[in-house]
Amino acid sequence: MSEFTIDAHEHDQIRILNLKGYLDAHTAPQLETSFQKELESGHYKLVINFRDLNYISSAGLGVFMQFIEEVRKHEGDIKLANMSKRVYNVFDLLGFPVLFEIFEDEKEALLSFQNKS
Amino acid sequence: MGSNKKHTARQLRILSTTENLELARRFVADSARQHGFDQDDIDKITVAVDEACTNIIKHAYKKAPNREIDIEVRVEGPQRSPRKFMVIIEDHGAPFDPTTYHAPDLQKYFKEYRVGGLGIFLMNKLMDEVEYTAGPGKSNQIRLVKYLPS
């Protein structure tokens, strides 16, 4: 079975989700639940750290698509950081860099929120 | 190890749950590695097979958990050029009609924030050939091909 965990914490009112393991059609519902919880708690500024994510399929990418509109409606954003080449390649093939800001590391992603506000 | 193999075929049967996607991925990644693909190509083949199996589970079998998905890896003999590494995935669910599929306009797709439906697009991008066969009374087959490094 694919292993996937999400560890969430907060930094200056920005929620950081660390993804670990394999994000596929089996584990995508876990990420969906995490996003739902964040939005229900009124957290719309989100940084997703991919450092420990080994794998993603289109089912995983679909989860980001599912929530981005609502997040931006509330003047928030989902910013992505620390992707490995293998994970970035899938995002890139599907044209996601047009829709999402992707940063080299978490710090840059956090700073980009401050620069806007 | 295995470098003198002229013809190989390996099979794996999984049941139609997303839990088994990892088994399918590991099976094709191991096969691709044994045939000399680099990590970049192994990753591409792995994602394509994951997408194909995910589509079968969701669409052909409509999430029924106890149906069979047969995966076979076959490599053409050395006389062919380019030599093809083929993954043939077979199911007995609702057929997919490739003539009804249109590649999504990604820009439009994103404007509408649509979710899902990107699997076939990805498979076509990741593999050298993608072919579907189905027919009345027949199983559905998808054949994913990557050319072997020369």
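The following is a dialogue about a predicted model with chains A and B, their interface and some of their residues.

Trainee: How many residues of chain B are in contact with chain A, and about what area is buried between the two chains?
Mentor: On the side of chain B, 25 residues are in contact with 25 residues of chain A. Carbon and sulfur atoms give 64% of the area buried between the chains, and that area is about 2200 Å².

Trainee: Which helix of chain B supplies the largest share of the side that touches chain A?
Mentor: Across this interface the rule finds eight residue pairs in polar contact, both residues being at pLDDT 80 or more. Helix 1 (21–34), helix 2 (39–60), helix 3 (106–111) and helix 4 (119–126) of chain B each supply at least two residues of the side that touches chain A. The largest share, eight residues, comes from helix 2 of chain B.

Trainee: How many residues of the side of chain B that touches chain A are charged?
Mentor: Sorted by class, the side of chain B that touches chain A has 11 nonpolar and five polar residues. The charged residues on that side number nine.

Trainee: Which residue of chain A forms a salt bridge with Asp40(B)?
Mentor: The rule finds three salt bridges across the interface of chain B and chain A, and in the one formed by Asp40(B) the closest N and O atoms are 3.5 Å apart. Asp40(B) lies in helix 2 of chain B and its partner in helix 3 (residues 85–93) of chain A, so the pair joins two chains.

Trainee: Where does Glu68(B) lie, and with which residue does its side chain meet in a salt bridge?
Mentor: Glu68(B) is partly exposed, with a relative accessible area of 33%, and the N to O distance in its salt bridge is 3.5 Å. Glu68(B) lies in strand 2 (residues 68–75) of chain B and its partner in strand 1 (residues 8–15) of chain B, 55 residues apart, so that the pair links distant parts of the chain. The partner, exposed with a relative accessible area of 52%, is Arg13(B).

Trainee: How far apart in sequence are the parts that Asp70(B) and Arg13(B) tie together?
Mentor: The side chains of Asp70(B) and Arg13(B) meet in a salt bridge with an N to O distance of 2.7 Å. Asp70(B) counts as buried, because its relative accessibility is 17% and the limit for buried is under 20%. Asp70(B) lies in strand 2 and Arg13(B) in strand 1 of chain B, so the pair ties together parts whose separation in sequence is 57 residues.

Trainee: Is Arg143(B) buried or exposed?
Mentor: Arg143(B) has its place in strand 5 (residues 140–147) of chain B. Leaving aside neighbours within four places in sequence, Arg143(B) is in contact with residues including Lys84(B), Glu129(B) and Glu131(B). At 18% relative accessibility, Arg143(B) counts as buried.

Trainee: Which element of chain A holds Val71(A)?
Mentor: Val71(A) counts as buried at 0% relative accessibility. Not counting residues up to four places away in sequence, Val71(A) touches Leu39(A), Tyr44(A), Leu46(A), Gly76(A), Asp77(A) and Ile78(A). The element that holds Val71(A) is helix 2 of chain A.

Trainee: Near what value is the phi of Glu75(A)?
Mentor: Most residues other than glycine have a negative phi. Glu75(A) has its place in the loop between helix 2 (58–73) and strand 4 (77–81) of chain A, and at 73% relative accessibility it counts as exposed. The phi of Glu75(A), a positive value in a residue other than glycine, is near 55°.

Methods:
Residues numbered from 1 in each chain as written. Chains lettered and ligands numbered in written order. Predicted model: local features only at pLDDT ≥ 70, side-chain atom pairs only at ≥ 80, totals over all residues. Heavy atoms only, no water. Contact = heavy atoms within 4.5 Å. Buried area = accessible area lost by both parts, 1.4 Å probe. Salt bridge = Lys/Arg side-chain N within 4 Å of Asp/Glu carboxyl O. Polar contact = N/O pair within 3.5 Å; in protein donor to acceptor, adjacent residues only side chain to side chain. Helix = DSSP H or I, 4+ residues; strand = E, 2+ residues; numbered from the N terminus. Nonpolar A, V, L, I, M, F, W, Y, C, P; charged D, E, K, R; others polar. Buried < 20%, exposed > 50% of the residue type's maximum accessible area, 1.4 Å probe, protein only.
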